[in-house]
Amino acid sequence: MTNEGGELVEVARAEDVPEGRGLRVQVGPIEIGIFRADTSFFAIENACPHAGVALSEGTVERCVVTCPAHGFQYDLRTGHSVDGADGFPIPRFAIVERHGGLWIETELHDDGLRRPRPLRRVPPQRSA
């Protein structure tokens with residue numbers, strides 16, 4: 001259960017996020033990968049659902065991160081696998097750039113810990 005009290009927490013500087021790669025940060029108990037793609041920043045849970053490998057160690061091209069272990073690819077905009085094989089997307093989090101800082105919205109849980117506030121799930125994008 002969560003309580004009110006959304007709060008932005010600065011997690012990195014924009015220049016800390018390498019081009020074509022990710023940056024690993026910790027927000028409460030959750031490890032997050034931050035990525036720069038198509039002039040935007042994206043934040044997703046930093047574990048490939050296939051093997052738990054850190055996605056921040058993978059490569060980024062356009063809005064797709066490729067897992068370094070087995071080559072699985074995930075759309076940073078939706079969290080879904082590019083091939084549409086998964087029904088459970090990687091959790092995504094709101095990230096804001098302000099004055100060169102990168103901020104993630106958090107929420108306070110009943111256990112007293114702040115965790116990143118997840119974005120709502122979106123359906124996978126299907127090719128026509």
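Which residues are linked with Arg24 in a network of salt bridges? Here are my notes, with that one picked up in point 2.

1. Ground rules. What you have above is a predicted model, so local features need pLDDT of at least 70 and side-chain atom pairs count only at pLDDT 80 or more, while totals for chains, interfaces and linings use all residues. Residues are numbered from 1 along each chain as its sequence is written, and side-chain values use heavy atoms, with hydrogens and water left out.

2. The network. Back to the opening question: Arg24 is linked with Glu31 and Glu57 in a network of salt bridges. To count as a salt bridge, a side-chain nitrogen of Lys or Arg has to lie within 4 Å of a carboxyl oxygen of Asp or Glu. Side chains of opposite charge can pair when their charged atoms come close. By this rule, the model has 8 salt bridges.

3. Strand 2 (residues 22-27) and strand 3 (residues 30-37) run antiparallel and are joined by 6 bridges. Strands are DSSP runs (E, at least two residues), numbered from the N terminus, and two of them pair if DSSP finds at least two bridges between them. With 2 residues between them, strands 2 and 3 form a hairpin. Have a look at Gly28 in the turn, which has a positive phi of about 60°.

4. A link between strand 1 and strand 11. Arg114 and Glu7 form a salt bridge, with their closest N and O atoms 3.6 Å apart. This pair ties together distant parts of the chain: Arg114 sits in strand 11 (residues 114-116) and Glu7 in strand 1 (residues 7-13), 107 residues apart. How accessible are they? Arg114 has 23% relative accessibility, so it counts as partly exposed, and Glu7 is partly exposed because its relative accessible area is 38%. (The cut-offs: buried is under 20% relative accessible area, exposed is over 50%, and partly exposed is in between, using a 1.4 Å probe and protein chains only.)

5. Arg36 pairs with Glu19, and the closest N and O atoms are 3.6 Å apart. Here too, distant parts of the chain are linked: Arg36 belongs to strand 3 and Glu19 to the loop between strand 1 and strand 2, 17 residues apart. Arg36 counts as partly exposed because its relative accessibility is 22%, whereas Glu19, at 63%, counts as exposed. Arg62 and Glu61 also meet through their side chains, at 3.8 Å from N to O. Arg62 is exposed, with a relative accessible area of 61%, and Glu61 is exposed as well, at 56%.

6. For Cys48, the nearest cysteine sulfur is that of Cys67, 3.8 Å away.

7. Around Val64. This residue is found in strand 6 (residues 64-66). Leaving aside neighbours within four places in sequence, Val64 is in contact (heavy atoms within 4.5 Å) with Thr59, Gln73, Tyr74, Leu76 and Val82. Take Val82: it is 18 residues from Val64 in sequence, and their C-alpha atoms are 7.8 Å apart in space.

Methods: Disulfide = S-S within 2.5 Å. Helix = DSSP H or I, 4+ residues; strand = E, 2+ residues; numbered from the N terminus.
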